[in-house]
Amino acid sequence: MREMRRRCGPFAVLVTLTAGLALTGAGYGAVTATSSAPLAAGTLNLHGVVKIVAVTVACPPDAPPDVGACLARTGKGLIPGLGRATEIYTWFYRLGPPACPAGTGKPLATTGRLVVEGKGEIRFALADGAECAGQDPIELIMRVPQSFTVTGGTGPYAGASGSGTLERNIQFGRRNETWTGMLAVPGLEFDVTPPTLTSARSKTVRASRRAKSARVTYKVTASDAVDGQVRVGCKPRSGARFPIGRTFVTCEATDSSGNAAGARFTVRVKRRR
C-alpha cells in the first residue's frame, strides 16, 4: 500500500504526534495538525473515535459464566494514522457479587478486532471494566471504560502490540467509543501528516442590481505526500447560488490514513450599483 512504508533498519523510533484538523484561510489563524515527521516510524500515538451500533445476541459458548447480556458491537470511524476502521467485538457484563456490590455491575473481559479498510486487522483484548456502576439505567454500565491490549494483527499490522483505554459516550442519543493509547508495529511507518489544501481564497462576486443571489464557482484542491491528489469536499459547493452578503465556505480533505485537513474562506456577494 502506498500509504504504508516498511523501514529497512533495526531501530524503531518513538514518535509522538498530534493528529487533528488543519484549518486555514484568509482572515483566520491557522490551527494545524502537527507531527515530528511525515511518517511515524514504528509507533503511533493512537486516538480515534468510532460510532457504534450494539445489538443483543445469543451469548457464544465461550462467554463468561453468569453474564447479564451479550451485545454484538460494531463501530466505524476514521482513525488518524490508520484510516477508515471498523471495530468488531462482543460486549459482556455481569451484575453484583463477587466483583461488584448488589445492584451494580461492570463490563467483562472480551476480545475483538479492528479492521482497517484495505490494509489489515489489529487484534485486541479488553480487560474487565475499570469500575462498578449502577444497573439503572443499564447505560451506566455501558459507559464504564475498559483498558485494551493489542495482541497481534494481519497484513501490515503483523506483530502489532500496544495498550490503552477504550472510553464510551453512550447518552443523549450518542453512541461513540474513543480509542486512546499506543500502537507499535515493528518496521511499519505510519502516515500521520494531513493533506495540504490550496486555492482556498476569499473572493467577491458582483450580482445584478435586483438579484438576491449569484452563482459562484471556485476550485479548491488538496495534495498529500503519500496519496498524491486527494478529493476535497466543500459546503456550500462550487456552482451553488450564494445570497447577497457574506457566506463562509468550509472545505475538508482526508487521506487514506485518516488524516484530515480543512480550510475556510469567505465569499462576498455585492449588488452592482
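Mentor: Start with the hairpin that β20 and β21 form, with five residues between the two strands. Gly-258 sits in that turn and has a positive phi of about 80 degrees. Keep in mind that this is a predicted model: local features need pLDDT of at least 70, side-chain atom pairs count only at pLDDT 80 or more, and totals for chains, interfaces and linings use all residues. Residues are numbered from 1 along each chain as its sequence is written, and side-chain values use heavy atoms, with hydrogens and water left out.

β21 covers residues 260-271 and pairs with β20 in the antiparallel sense over 10 bridges. Strands are DSSP runs of E, at least two residues long, and helices are runs of H or I, at least four; both are numbered from the N terminus. Two strands count as paired if DSSP finds at least two bridges between them. Strands of a sheet pair through backbone hydrogen bonds, either parallel or antiparallel.

β20 has another partner. Strand β18 (residues 232-235) pairs with β20 (residues 245-254) in the antiparallel sense, over four bridges. Here Cys-234 faces Cys-251 in β20. These two cysteines also form a disulfide, with sulfur atoms 2.1 Å apart; the cut-off for a disulfide is a pair of cysteine sulfur atoms within 2.5 Å. The Cys-234 to Cys-251 link is right-handed, with 110 degrees about the S-S bond. It links distant parts of the chain: Cys-234 is in strand β18 and Cys-251 in strand β20, 17 residues apart.

Is each of these cysteines buried or exposed? Cys-234 counts as buried because its relative accessibility is 18%. Cys-251 is buried too, at 1%. Buried means under 20% relative accessible area, exposed means over 50%, and partly exposed lies in between (1.4 Å probe, protein chains only).

Go back to the turn. Gly-83 and Ser-257 are 174 residues apart in sequence, yet their C-alpha atoms are 3.8 Å apart in space. Gly-83 belongs to strand β5 (residues 83-95). Gly-83 is buried because its relative accessible area is 0%.

How many disulfides are there by this rule? The count is three. With the bonded cysteines numbered in sequence order, the pairing is 1-2, 3-4, 5-6.

Cys-59 and Cys-70 form a disulfide with their sulfur atoms 1.9 Å apart. The link is right-handed, at 105 degrees about the S-S bond. It ties distant parts of the chain, 11 residues apart: Cys-59 is in the loop between β3 (39-56) and β4 (69-79), and Cys-70 is in strand β4. Cys-59 is partly exposed, at 38% relative accessible area. Cys-70 counts as buried, at 1%.

Cys-100 is joined to Cys-132 by a disulfide, S to S 2.1 Å. That link is left-handed, with -85 degrees about the S-S bond. Cys-100 lies in the loop between β5 and β6 (104-107), while Cys-132 lies in the loop between β8 (120-126) and β9 (133-134), so the pair ties together parts 32 residues apart in sequence. Cys-100 is buried, at 4%, whereas Cys-132 counts as partly exposed, at 31%.

Last, the wider setting. The protein has one helix and 21 strands. Buried residues make up 44% of its 273 residues. Of the contacts with a separation of 6 or more, 60% come from residues 24 or more positions apart.

Technical notes. Contact means heavy atoms within 4.5 Å.
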